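Colleague: I have not worked with this structure before. Could you show me how to read it, one feature at a time?

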Amino acid sequence: VAMIEYGANLDRVTDPSQVEASVQSRESDVCNLLFMGKNWKRKGGSTAVEVAGAMNDMGYRTILHVVGAPEPVTGPLPSFVRNHGYINKNEPGGRKLLEDLLLSSHFLISPTSAECFGIAYAEANAYGLPVLSTNVGGTRTVVRDDVNGKLFELGDPPGKYATYASGVLHNRSNYRELCMKSRIEYEERLNWDATGRRFEVLLNRLLEKR
């Protein structure tokens, strides 16, 4: 049995130098968390709100940016949440807004209760954005602890996420290293070219055994 990861579904890949510059320019006195997903309940939207709230309670000013979930799904949200609703990345304006959010956020947060893989995680890594998610389904295939993010157990309290995120952010050199390792994970294994190359290697091995 062999496993090959999916790649990020990106029409345009951000240059590594732009990613590095964006990581350097991310504010140190405020944490921007990014939540992306239409399925608010399964993706753990309420938990993401609680994590942002816990970070604010700890004294680390935090804003949660929500993409994909309309207001009727999420219900009323606290003042520290910015709900951008559905963003159409096929339109220039929507594509730029989504790219700006990916470049300026500090973490992609997805406390999901079920996930087959998580292509959004690969896309976040392309922008040097580490992922905070749960150890369920295929997420462990994408996210490697302290390499391109952190996996928590299903049912872990929001404070555990908050403690980890604030701890990483308090050490800027550690945070920058995590971001750049996230980008390397995208470049080396979480893109479709890499997927094709690994498939070719596996296929050739099978052909050699015939």
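Predicted model: local features only at pLDDT ≥ 70, side-chain atom pairs only at ≥ 80, totals over all residues.

Colleague: Where does E115 lie?

Modeller: E115 belongs to the loop between β4 and α5.

Colleague: With which side chains does the side chain of E115 make a polar contact?

Modeller: A polar contact is a pair of N or O atoms within 3.5 Å. Another joins the side chain of E115 to the side chain of K43, at 3.1 Å.

Colleague: How many bridges join β1 and β2?

Modeller: Six bridges pair strand β1 (residues 31-36) with β2, in the parallel sense. Within this pairing, M36 has V67 of β2 as its bridge partner. For β4 and strand β5 (residues 131-134), which run parallel, three bridges make the join. There, L108 stands opposite V131 in β5.

Colleague: How many residues of β2 are buried?

Modeller: Six of the six residues of β2 are buried, so β2 is largely enclosed by the rest of the structure. Both faces of the strand are covered: T62, L64 and V66 are buried on one side, and I63, H65 and V67 on the other.

Colleague: Take T62 as an example. What does its side chain reach?

Modeller: T62 sits in strand β2 (residues 62-67) and has a relative accessible area of 1%, so it counts as buried. Its side chain reaches the backbone oxygen of Y60 at 2.8 Å.

Colleague: Now the largest pocket. How much space lies in it, and which residues are closest to its centre?

Modeller: About 780 Å³ of space lies in the largest pocket. Its lining has 30 residues, and M36, I87, K89, L98 and E123 are the closest to the centre. By class, the lining holds 14 nonpolar, six polar and 10 charged residues.

Colleague: Which element gives the most to that lining?

Modeller: α4 gives the most, with six residues. At least two residues of the lining come from each of α4 (92-104), β4 (107-110) and α5 (119-126).

Colleague: What about the loops? Is D146 buried or partly exposed?

Modeller: D146 is partly exposed, at 39% relative accessibility. The residue is placed in the loop between α6 (139-142) and β6. Its phi is positive, about 60°, although D146 is not a glycine.

Colleague: And E91: how far is it from D156?

Modeller: Distance can be read along the sequence or through space. E91 and D156 are 65 residues apart in sequence, and 38 Å apart in space from C-alpha to C-alpha. E91 lies in the loop between β3 and α4 and, at 46% relative accessibility, counts as partly exposed.

Definitions and conventions:
Residues numbered from 1 in each chain as written. Heavy atoms only, no water. 1 Å grid on protein atoms, 1.4 Å probe; cavity = no way out; pocket = protein on both sides within 12 Å on 5 of 7 lines; lining within 4 Å. Points joined across faces, edges and corners; volume = space filled by probe spheres on them. Helix = DSSP H or I, 4+ residues; strand = E, 2+ residues; numbered from the N terminus. Nonpolar A, V, L, I, M, F, W, Y, C, P; charged D, E, K, R; others polar. Pairing = 2+ DSSP bridges. Buried < 20%, exposed > 50% of the residue type's maximum accessible area, 1.4 Å probe, protein only. Polar contact = N/O pair within 3.5 Å; in protein donor to acceptor, adjacent residues only side chain to side chain.
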